[in-house]
Amino acid sequence: MDVVSDAISAVRVGRPSSDRVRVGGDWCARLDPYDGAGFHVVLKGSCWLLPDGGDPVALGAGDAVLLPHGTGHVIADSPADAATVARAVPFARWADRTLPQPPLPAFDARGREVEMLCGKYRLDHSRAHPLLAELPPLVHLPNRGGLHPELRAAVDLLGGEVSGGPGGRLPGSAVALPSLLDLLLVYMIRSWLALGSSGGAWPGALGDPVTAAALRAMHADPAAPWTNELLAAEAGVSRPTLARRFTALTGRPPMAYLTWWRLTRAAALLRDTPDPLAAVARRVGYSSPYALSHAFRREFGTTPGRYRSDQGDRAGQGTATSR
C-alpha cells in the first residue's frame with residue numbers, strides 16, 4: 001500500500017453512493033453538510049456550485065468537484081441570489097425514490113439541460129490522515145485540454161456507465177459503478193496533489209525523495225521493527241537529515257508518525273474486520289494484545305474492544321440513514 005491508498009482506506013466506511021441527475025430550465029437544490037466527502041461530475045451542460053461560506057463556482061461539461069469534508073452547498077442553474085438559495089429543493093427529495101418527488105424543472109429549448117453524477121463517500125473523519133485533513137473545502141478540477149488525463153478517462157467511463165442500457169442498467173453495473181467511483185476518488189486526490197499550488201504540506205512530503213522513501217517503507221510494512229537508523233538507510237541519508245526533512249514536511253518526527261500510523265491502522269482493522277486483538281496487534285507491529293491495548297487507550301481514550309463495539313453501532317446507524 002502507498003500513502004494515498006492507505007490514507008483513503010483508513011477512513012473509508014461502506015460503499016460510495018451516487019445519483020444521476022438530469023434537469024433543465026430554472027432549478028436549485030440544497031445538499032446539507034454530512035459526515036463524508038461529496039462529489040459532482042458534470043456529464044452534460046453547465047451549472048453552478050455555491051458552497052456554504054464560499055464563492056460560487058462555475059462548472060462545465062467534464063468538470064469534477066470534490067468536497068472532502070462534506071461542506072454543505074447548493075447546486076443551481078445560475079449563481080442564484082440569497083432568496084433563491086433559501087427556496088432550494090432538498091437534494092434528498094430527488095435522490096430518495098421512496099419520498100414524494102418534487103416536480104423537476106422541465107427541459108427547455110434554450111439548451112440549458114444539465115446532466116450530472118452526484119454522490120458521496122462515507123468517511124470516518126475522526127482519524128483522517130493529515131494528507132486528507134489538509135484538503136481544502138472544495139477541490140475544483142476543470143475539464144481543460146491536457147490536464148488530469150486519468151481523471152478525464154474515469155469521468156468518461158462513469159458517463160458511459162450511468163447512461164444505462166435498454167433496461168436502464170448495463171450488465172455488471174452493480175460491480176462496475178462502485179469500482180469506478182472508488183477510482184474517481186483516487187484520481188481527484190491525485191489531481192489535487194499534482195496541482196502544486198495547493199498550499200498543503202503533503203504534496204511536498206510525497207514529492208521529497210527522502211521523506212517519501214521513509215513513508216513508503218512504513219506504509220509497506222508497518223509491523224517491521226523500524227528505527228530511525230533503518231528508515232534513514234531506506235532513504236539513503238543520515239539519521240539527522242531524515243529527522244529534519246521528515247519532521248518539517250509531515251509535522252511529526254518519523255517514530256511519532258510510525259506510532260500514530262500503527263494505531264490508526266489498528267483502529268481501521270478493528271472497525272472493518274473480525275480479527276482478534278492478537279492478530280491486529282501483530283499486523284501493526286505490537287508484540288502482544290496488552291501492548292496494543294495500552295497504546296490504543298493512550299491515543300484514543302478507550303479500549304480496543306469498546307472502540308470496535310462503538311464503531312459497529314455507528315455503522316449500523318449509518319446504513320439505516322444513508323439513503
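## Aromatic pairs

Rings of Phe, Tyr and Trp (for Trp, its six-membered ring) pair if their centres lie within 6.5 Å; planes under 30 degrees apart count as stacked, over 60 as edge-to-face and the rest as tilted. By this rule, eight aromatic pairs are counted. W260 and W261 form a tilted pair, with 6.1 Å from centre to centre and 40° between the planes. Both W260 and W261 are buried, a term that stands for under 20% relative accessible area, with exposed for over 50% and partly exposed in between (1.4 Å probe, protein chains only). The ring centres of F300 and Y307 are 5.3 Å apart and their planes stand at 65°, so this pair is edge-to-face. Y307 counts as buried because its relative accessibility is 7%. Ring pairs also link W202, F246, Y257, W260 and W261 into a cluster.

## Basis of the model

This is a predicted model, in which local features need pLDDT of at least 70 and side-chain atom pairs count only at pLDDT 80 or more, while totals for chains, interfaces and linings use all residues. Residues are numbered from 1 along each chain as its sequence is written, and side-chain values use heavy atoms, with hydrogens and water left out.

## Charges over rings

A charge sits over a ring if NZ of Lys or CZ of Arg is within 6 Å of the ring centre and within 35 degrees of the ring normal. R252 lies over the face of W260, at 4.7 Å from the ring centre. The charged end of K120 sits over the ring of Y34, 5.6 Å from its centre.

## Sheet and packing helix

Helices (H or I, at least four residues) and strands (E, at least two) are DSSP runs, numbered from the N terminus; two strands pair if DSSP finds at least two bridges between them. β1 pairs with β9 (residues 114-122) in the antiparallel sense over seven bridges; R22 has E115 in β9 as its bridge partner.

## Cysteines

With a disulfide defined as a pair of cysteine sulfur atoms within 2.5 Å, the count is zero disulfides. C47 is in no disulfide, and the nearest cysteine sulfur, that of C118, is 7.8 Å away. C47 counts as buried because its relative accessibility is 2%.
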